[in-house]
Amino acid sequence: MNYEFILTHIEADKVGVITLNRPKQLNALSTPLMIELGHALKAFDEDDQIGAIILQGSEKAFAAGADIQAMSQYNFSDVYKANFITRDWETINTIRKPVIAAVSGFALGGGCELAMMCDIIIASENAKFGQPEIKLGIIPGAGGTQRLPRAVGKARTMDMVLTGSMMNAHEALQQGLVSRVVAQDQLFAEALGAALTISSFSKLSVMAAKESVNKAFEGTLSEGMHFERRLFHSLFSTEDQKEGMDAFLNKRAPTFKNQ
């Protein structure tokens, strides 16, 4: 499918790559862009050859926020009736394969929230994260007050949300918001290396692992442990579990069939 606001391609027949493509607007997240992003994510998720997905922007901006030009015209009834954000932004939360955000430049407002919806964030040294919505007379609406404190804690979240201050890449690494920081010219290679590693494993165990980690944020520890244990048990019914353990015992590389 041809898209207007994103670009897509496949690397090494295993990794789906989505590039946000509104350079003049620093990849501001408009509703049409988010609809296209949701479509592309679902297409890669349904492709049996794809093991992981990379989401990236440009060197200047992963995404500098939501589309303020469009938002400035909305009133309460507009956003409430349209189920704004929920309707078009939440698709990424339904994707079962791992999504890696390769973040360079600004990831602000909705851009920061979109990155946090991904499973892994790898940042370049020039990345900057922030939730500056307070400067516009609103608050974050796509998880900035909910996902951010789970990553960096209450104190830093309050500082960022209430003052509109930004966090640089190395601070984000120290705080636990991102998993790796690399030089700008190594960002895509680093994200691709992680995606190819993930793609080499059984898709069943990868999807189960992602689902189990996400469950940790949705209930009590005992509920999460029970959920994890049952997924762990269930994987013993798969051919990939037999193959993986036999390969380990016989000191050979496993050949997973995703069965």
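Where is the place of Glu243? Glu243 sits in helix 12, residues 239–249. Helices here are DSSP runs of H or I with at least four residues, strands are runs of E with at least two, and both are numbered from the N terminus.

Before I go on, a word on the model. This is a predicted model, where local features need pLDDT of at least 70, side-chain atom pairs count only at pLDDT 80 or more, and totals for chains, interfaces and linings use all residues. Residues are numbered from 1 along each chain as its sequence is written, and side-chain values use heavy atoms, with hydrogens and water left out.

Back to Glu243. Is Glu243 buried or exposed? Glu243 counts as buried, because its relative accessibility is 17%. Buried means under 20% relative accessible area, exposed means over 50%, and partly exposed lies in between, with a 1.4 Å probe and protein chains only. What does Glu243 touch? Leaving out residues up to four places away in sequence, Glu243 touches Arg252, Ala253, Pro254, Thr255 and Phe256. Contact means heavy atoms within 4.5 Å.

Now strand 5. Strand 5 covers residues 99–103, and five of its five residues are buried. Look at both faces. On one side are Val99, Ala101 and Val103. On the other are Ile100 and Ala102.

Which strands pair with strand 5? Strand 3, residues 52–56, pairs with strand 5 in the parallel sense, over four bridges. Here Leu55 stands opposite Ala101. Strand 7, residues 120–124, also pairs with strand 5 in the parallel sense, over four bridges. There, Ile100 stands opposite Ile120. For two strands to pair, DSSP must find at least two bridges between them.

Step back to the whole chain. The protein chain has twelve helices and ten strands. Its radius of gyration is 19 Å, close to the 18 Å that the globule rule gives for 259 residues, so the chain is as compact as a globular protein of that length. That radius is taken over C-alpha atoms, and the rule is 2.2 Å times the number of residues to the power 0.38. The C-alpha trace spans about 60 × 45 × 40 Å along its principal axes.

How much of the chain is buried? Of the 259 residues, 43% count as buried. And the contacts? Take those between residues at least 6 apart in sequence: 66% join residues at least 24 apart.
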